[in-house]
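This report covers pockets, surface and salt bridges in turn. Terms are given with their cut-offs where they come up.

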Amino acid sequence: MYDYMKALQERFDKKPPERLVRAVQSAREEVREGMDDEKRKKLLRLLDAQNMLLEEATLLSFTAGFKLAAGIA
């Protein structure tokens, strides 16, 4: 079921605007430039965890919307 919902999400869910993605990447690079290796590793671990949480929340939201639509239909 998870794989099926993930495939549906990839097909129908909109991707974030490219300009926002570039803005986030630019800000991330600015922050990273002034850090030593240890702080950079901590930042990258934090960003990875944040991205995983966001991905999971997005999928759960999509799944809930899909179930609601299926229930209405």
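Buried stands for under 20% relative accessible area, exposed for over 50%, and partly exposed for what lies in between (1.4 Å probe, protein chains only). The model is a predicted one, in which local features need pLDDT of at least 70 and side-chain atom pairs count only at pLDDT 80 or more, while totals for chains, interfaces and linings use all residues. Residues are numbered from 1 along each chain as its sequence is written, and side-chain values use heavy atoms, with hydrogens and water left out.

Phe 66 sits in helix H3. Helices (H or I, at least four residues) and strands (E, at least two) are DSSP runs, numbered from the N terminus. Together with Met 1 and Tyr 4, Phe 66 makes a nonpolar surface patch of about 360 Å². Patch members have over 30% relative accessible area and no salt bridge; nonpolar side chains (Val, Leu, Ile, Met, Phe, Trp, Tyr) are joined within 5 Å, like charges within 9 Å. Accessible areas come from the Shrake-Rupley method with a 1.4 Å probe, and for residues only the protein chains shown count as cover.

## Salt bridges

Three salt bridges are found in a search of the whole structure. The criterion is a side-chain nitrogen of Lys or Arg within 4 Å of a carboxyl oxygen of Asp or Glu.

Lys 6 pairs with Glu 55, with 3.3 Å between the closest N and O atoms. Because Lys 6 lies in helix H1 and Glu 55 in helix H3, this pair ties together parts that are 49 residues apart in sequence. Lys 6 counts as buried, at 19% relative accessibility, whereas Glu 55 is partly exposed at 46%.

In the salt bridge between Arg 32 and Glu 29, the closest N and O atoms are 3.5 Å apart. Both residues lie in helix H2, three residues apart, about one turn of the helix. Arg 32 is partly exposed, with a relative accessible area of 23%, and Glu 29 is partly exposed at 38%. Arg 40 and Asp 37 meet through their side chains at 3.9 Å, N to O; this pair lies in helix H3, three residues apart, about one turn of the helix. Arg 40 is partly exposed at 23%, while Asp 37 counts as exposed at 55%.

## The largest pocket

The largest pocket holds about 710 Å³ of space. On a 1 Å grid over the protein atoms alone, a pocket is an open set of points with protein on both sides within 12 Å along at least five of seven lines, a cavity is a set where a 1.4 Å probe fits but cannot get out, and lining residues have an atom within 4 Å of a point. Grid points are joined across faces, edges and corners, and the volume is the space filled by probe spheres set on the points.

The lining has 20 residues, with Pro 16, Val 21, Asn 51, Leu 54 and Glu 55 nearest the centre of the pocket. Helices H1 (2-12), H2 (18-33) and H3 (37-72) each supply at least two lining residues, and H3 gives the most, with seven. By class, the lining has eight nonpolar, five polar and seven charged residues. Ala, Val, Leu, Ile, Met, Phe, Trp, Tyr, Cys and Pro count as nonpolar, Asp, Glu, Lys and Arg as charged, and the others, Gly among them, as polar.
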